[in-house]
Amino acid sequence: MSYQIDYMRIAIEEAMKAKNKQEVPVGAVIIDDKGEVIAKAHNLVELNNNSTCHAEKLVIEKVLHITGNRFLNTYDLWVTLEPCIMCAGIIKQTRIRRLYFGAEDKKGGAIENGPQVLKKDEANGSIEIYSGFLQDESELLLKDFFSKLRSN
């Protein structure tokens with residue numbers, strides 16, 4: 001179990017990098033079936049002036065490039081916030097094996113909340129979903145970020 005927490009800690013480190021760049025603090029990491037970290041990323045929406053530069057999308061693109069594969073069915077994605085509908089679609093299309101996330105996103109999430117895209121996924125096989133890993137830490141990062149944003 002502790003190795004799983006280590007992966008989420010890496011994702012939180014990535015989220016901190018995003019926060020330090022005045023980005024919404026979301027971080028992601030992808031590991032292979034041996035438990036090796038293949039790539040990590042964080043939100044770069046503001047820096048790139050591109051609303052699609054979410055951590056999940058960026059890390060998946062990195063792994064697709066590194067592996068030369070179009071499917072990632074032997075890889076696991078760890079992310080600090082429940083993926084949105086765009087990222088859930090990308091996860092579905094690339095056939096990520098397992099998704100682990102920290103904080104729920106009651107407004108914009110598409111896994112446990114909203115359309116629950118991956119729970120209805122039958123066409124591309126079953127993606128295992130696990131939530132609540134270091135949830136408090138992930139939520140605190142987001143709350144602090146938005147609290148400071150609103151006070152400015």
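The largest pocket is lined by 24 residues, and Val24, Leu81, Asp105, Leu142 and Phe146 lie nearest its centre. Two elements each give two or more residues to this lining: α2 (45-48) and α5 (135-151). Helix α5 provides the largest share, 5 residues. The model is predicted, so local features need pLDDT of at least 70, side-chain atom pairs count only at pLDDT 80 or more, and totals for chains, interfaces and linings use all residues. Residues are numbered from 1 along each chain as its sequence is written, and side-chain values use heavy atoms, with hydrogens and water left out.

A pocket here is an open set of points on a 1 Å grid over the protein atoms alone, where a 1.4 Å probe fits, with protein on both sides within 12 Å along at least five of seven lines; lining residues have an atom within 4 Å of a point. The largest pocket holds about 610 Å³ of space. Its lining divides into 10 nonpolar, 4 polar and 10 charged residues.

Now turn to helix α4, residues 85-94. Helices are DSSP runs of H or I, at least four residues, and strands are runs of E, at least two. Which residues of α4 are buried? They are Cys87, Ala88, Ile91 and Thr94. These four cover an arc of only 140 degrees around the axis, so they sit on the same side of α4. Ile85 and Gln93, on the other side, are exposed. Buried means under 20% relative accessible area, and exposed over 50% (1.4 Å probe, protein chains only). The cover over the buried residues includes α3 (55-67), β3 (76-81) and β4 (98-103). After α4 comes Arg95, with a positive phi near 60 degrees.

Conventions. Grid points are joined across faces, edges and corners, and a volume is the space filled by probe spheres set on the points. Ala, Val, Leu, Ile, Met, Phe, Trp, Tyr, Cys and Pro count as nonpolar, Asp, Glu, Lys and Arg as charged, and the others, Gly among them, as polar. The arc is that of the directions from the helix axis to the C-beta atoms. Contact means heavy atoms within 4.5 Å.
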